[in-house]
Amino acid sequence: TTTRPQQTTTTEAPPPAQVEARTTKPTPLPGETVPISTPAQNGSPVLDPTKPAAAVLVAADGDSDIPVPAPKITQNANGSITMDVTIPPSTPPGVYMIAVVGTDAKGQSRVVVVPVVVRRRAAQ
């Protein structure tokens, strides 16, 4: 007879992939920049501003995602970060989630998510 070796698995839970974030512009117009801020976690920024990051608008109604230009990420003196995400000018009005994906200083993937309502431009 053969005995199958017993497998022991140990895992260390990673820190949360999604992090706390807020914006001062929750109802932008197409073409506007949305500032997003996140506090530091354990004294470190939640996204490393020296590493690449990407952003996307996720439509709440299940429509296609809308790629946006790479966010500009700035680290503040207290370890918090500010990200500037520009809403593409052709974005239709609606409810979206801005998702910024990057890595922290340890190389762990992180996602910063903020809800926004893109407003309709006034008729001219």
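**Strand pairing and core of an all-strand predicted model**

Leaving aside neighbours within four places in sequence, Ser 80 is in contact with Thr 38, Pro 39, Ala 40, Thr 74 and Gln 75. The structure described here is a predicted model, and Ser 80 lies in its loop between E6 and E7. Ser 80 has a relative accessible area of 12% and therefore counts as buried, the limit being under 20%. The side chain of Ser 80 is also joined to that of Asn 78 by a polar contact of 2.6 Å.

The protein as a whole has 124 residues, of which 32% are buried. Nine strands and zero helices were assigned, and the pattern along the sequence reads β-β-β-β-β-β-β-β-β. The mean pLDDT is 87, with 84% of the residues at 70 or more. Among the elements, the highest mean pLDDT, 97, belongs to strand E3 (residues 33-38), and the lowest, 66, to strand E1 (residues 18-19). The accessible surface amounts to about 8000 Å², and carbon and sulfur atoms account for 52% of this area. Of the contacts with a separation of 6 or more, 62% are between residues 24 or more positions apart.

Four of the strands form an open sheet in the order E2-E3-E7-E6, and their pairing is antiparallel. Strand E2 (22-23) and strand E6 (72-75) are at the edges and have a single partner strand each, so one side of each lacks a neighbour in the sheet. The partner of E6 is strand E7 (residues 81-86), to which E6 is joined by four bridges in an antiparallel arrangement. E6 and E7 make up a hairpin with five residues between them, and in the turn Gly 79 has a positive phi of about 95 degrees.

Thr 74 has Thr 82 in E7 as its bridge partner. Gln 75, which is found in strand E6, stands opposite Ile 81 in E7. With a relative accessibility of 42%, Gln 75 counts as partly exposed, whereas Ser 80 is buried. Residues up to four places away in sequence not being counted, Gln 75 touches Pro 45, Pro 49, Ser 80 and Ile 81. Gln 75 and Leu 47 are separated by 28 residues in sequence, and their C-alpha atoms are 8.9 Å apart.

E4 runs antiparallel to E8, with six bridges between the two, and antiparallel to strand E5 (residues 66-67), with two bridges. Leu 57 takes part on both sides: this residue stands opposite Ile 98 in E8, and its bridge partner in E5 is Ile 66. The hairpin of E4 and E5 has six residues between the strands, and Gly 62 in this hairpin takes a positive phi near 85 degrees.

In soluble globular proteins, nonpolar side chains tend to be buried together. In this model the largest nonpolar core contains 23 residues, and those with the most contacts inside it are Ile 36, Leu 47, Leu 57, Met 83, Ile 98, Val 100 and Val 112. The greatest contribution is that of E9, with four residues.

Not counting residues up to four places away in sequence, Ile 36 touches Ala 21, Arg 22, Ile 81, Thr 82, Met 83, Val 85, Ile 98, Val 112 and Val 114.

Note on methods: Residues are numbered from 1 along each chain as its sequence is written. This is a predicted model: local features need pLDDT of at least 70, side-chain atom pairs count only at pLDDT 80 or more; totals for chains, interfaces and linings use all residues. Side-chain values use heavy atoms; hydrogens and water are left out. pLDDT is the predictor's confidence in each residue, from 0 to 100. Two strands pair if DSSP finds at least two bridges between them. Buried means under 20% relative accessible area, exposed over 50%, partly exposed in between (1.4 Å probe, protein chains only). Contact means heavy atoms within 4.5 Å. A nonpolar core is a set of buried Ala, Val, Leu, Ile, Met, Phe, Trp, Tyr and Cys residues joined through side-chain atoms within 4.5 Å. Accessible areas come from the Shrake-Rupley method with a 1.4 Å probe; for residues, only the protein chains shown count as cover. A polar contact is a pair of N or O atoms within 3.5 Å; within protein, one must be able to donate a hydrogen and the other to accept it, and residues adjacent in sequence count only if both atoms are side-chain atoms.
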